[in-house]
Amino acid sequence: MKKFQSYSIALLSIFLAAFTACSGNNSKKIEAEKFEVHGGKIMAEEKGFSGRGYINFASHINGFVEIPVNVKTDGDYAIKITFQNSIHDDWAGLRLEYDEGKYICSQRLPETSSFSSVYINAAVTFTKGKHTLKVISVNRSWLLDSIELVPLTEEILEQISPAKLPVSKNAGSASRALYKYLLSQRGKAIISGQQYSSMLDVDVIEEETGKVPAILGIDMMDYSPSRVEHGARGTVVRRAKAWVKTGGLITCCWHWNAPAQLIDENKAEMHWYDGFRSKATKFDFSKAIKDKNSEEYSLIIRDIDAIAVQLKALQDADIPILWRPLHEASGGWFWWGSKGAENYKELYKILFDRLENYHQLNNLIWVWNGQNPDWYPGDEYVDVVSYDTYPGKQIYGSFYNELQTVQTASTMPKLCALSENGPIPDVEKIIEEKLPWSWFCTWCGEFVQKDGAYSGEYTDAETLKKFYNSEYLISRDEVKFKRK
């Protein structure tokens, strides 16, 4: 892989606060109530605060406070906040910026009924002199008491970094090695990816850029039992095995054809092969959530078991998978998102439990892609938070807003990915804004080629060449991942 000079440790991902003057190894607490607050108010009713009071950020308002600081010594710093978050029926979060909108991180706040202290799950590099830190409230009301800037140590760095191992207790050597590789590239590079429909998508990229995407995206769709019943035959497991032999990596989604009650009527413009769409099935999976003795539950388990066979085939070939099931749920266009967030989260947990505990698969790195923090199943079920984005033709961005969204899903630092994209992400802006995207995966077909030739419709050829030849982008020949 090409070497790229990383921008110090500033990208370690998530949690919040603000800070004050710091010199040498000494840190100093600053009381948040000393500064003007917008979208909130200064209060002193709760017990246990320090100073004269605390900030109560108003519910559903992006309240914020800007705190001027004077840093005495150049260096990397961690940020500690003292806060209270006692809302139990919803979540509260925050976004942290510095010096006129430079992004540090976003995060969901853990629930606590008393004032507690925690490090934000990101570090920041400051030069000596005056700076401004901006703390922005997200989603629900919470209380900010004080903030503290602390010189970064190895011990603190470990606390504010993603976990060293995947969430699966079964994680085998290959999945642990891939996860470790992703951690090693965090904030230093973005890994390129391409969704597979045919090898034409990959071939035209190579023709245009001289580079091959590092990650191939496959789809378990045609292994869904209700598609197999209509004659579908999946082939992507074979394709994945061939891809890995060339040094590439695999990400996998599942356009899960509904287990039953498909709508197959021309007049409705829906067919059995559209069965992953909400409007193409009458299958009500919420019945399975309510009753594990129901036919619906049996069908869900049948389908999961069928896909487990294919995942096991990849496991037997020593292939770890960036596994992204039940994607884009909050949009409602897929049946697994048609019954609301709570039913979706229970379905996700059923899937996790079946693959983890019954089938004991050891090759899965779990990628959550619900698109909305309200739909997050929990930190114990997720290794990577991801977002699918289609901003329009030839619109190249760093996807700063999308990063904020996925980071506020979790109370813990997680890896972050652009699991689907139309136009290729703007690699230069990602570098400039220091955003820790782990990988992207451009969607197939029209987003890349038409009739076997590169189309340039969504990403023009010159931009594609420029980004694929960036030292920050990892192509297949630059992957330094070893399974053993």
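Visitor: Which residues does Thr-463 touch, leaving aside those up to four places away in sequence?

Guide: In this predicted model, Thr-463 touches Tyr-396 and Ile-424. Thr-463 itself is found in helix H11, which covers residues 461-468.

Visitor: What makes these count as contacts?

Guide: Contact means heavy atoms within 4.5 Å, and Thr-463 touches both Tyr-396 and Ile-424 in that sense.

Visitor: How is Ile-147 classed, buried or exposed, and where is its place?

Guide: Ile-147 has its place in strand S11, residues 142-151. Its relative accessibility is 1%, so Ile-147 counts as buried. From Asn-421, Ile-147 is 274 residues apart in sequence and 37 Å apart in space, taken C-alpha to C-alpha.

Visitor: Why is the pair of Asp-222 and Arg-227 called a salt bridge?

Guide: The term requires a side-chain nitrogen of Lys or Arg within 4 Å of a carboxyl oxygen of Asp or Glu. The closest N and O atoms of Asp-222 and Arg-227 are 2.8 Å apart, so the pair forms a salt bridge. The structure holds 19 salt bridges.

Visitor: How are the two partners, Asp-222 and Arg-227, classed by accessible area?

Guide: Asp-222 has a relative accessible area of 26% and is therefore partly exposed. Arg-227, with 7%, is buried.

Visitor: What does the salt bridge between Arg-354 and Asp-305 tie together?

Guide: The closest N and O atoms of Arg-354 and Asp-305 are 2.9 Å apart. Arg-354 lies in helix H8 (residues 341-358) and Asp-305 in helix H7 (residues 295-316), so the pair ties together parts that are 49 residues apart in sequence. Arg-354 has a relative accessible area of 17%, so it is buried.

Visitor: What does the salt bridge between Glu-428 and Lys-466 tie together?

Guide: Glu-428 and Lys-466 have their closest N and O atoms 3.2 Å apart. Because Glu-428 lies in helix H10 (residues 427-433) and Lys-466 in helix H11, the pair ties together parts that are 38 residues apart in sequence. Glu-428 is partly exposed at 43%, and Lys-466 is partly exposed at 46%.

Visitor: Why does Lys-34 count as exposed?

Guide: Exposed means over 50%; Lys-34 has 56% relative accessibility, so it counts as exposed. Lys-34 is placed in the loop between strand S1 (28-31) and strand S2 (37-38).

Visitor: What is the phi of Gln-360, and what is that of Gln-394?

Guide: Gln-360 has a phi near 50 degrees, a positive value in a residue other than glycine. It is found in the loop between H8 and strand S17 (364-368). Gln-394 has a positive phi near 55 degrees and is likewise a residue other than glycine. Its place is the loop between strand S18 (384-389) and helix H9 (400-407), and at 38% relative accessibility Gln-394 counts as partly exposed.

Methods:
Residues numbered from 1 in each chain as written. Predicted model: local features only at pLDDT ≥ 70, side-chain atom pairs only at ≥ 80, totals over all residues. Heavy atoms only, no water. Helix = DSSP H or I, 4+ residues; strand = E, 2+ residues; numbered from the N terminus. Buried < 20%, exposed > 50% of the residue type's maximum accessible area, 1.4 Å probe, protein only.
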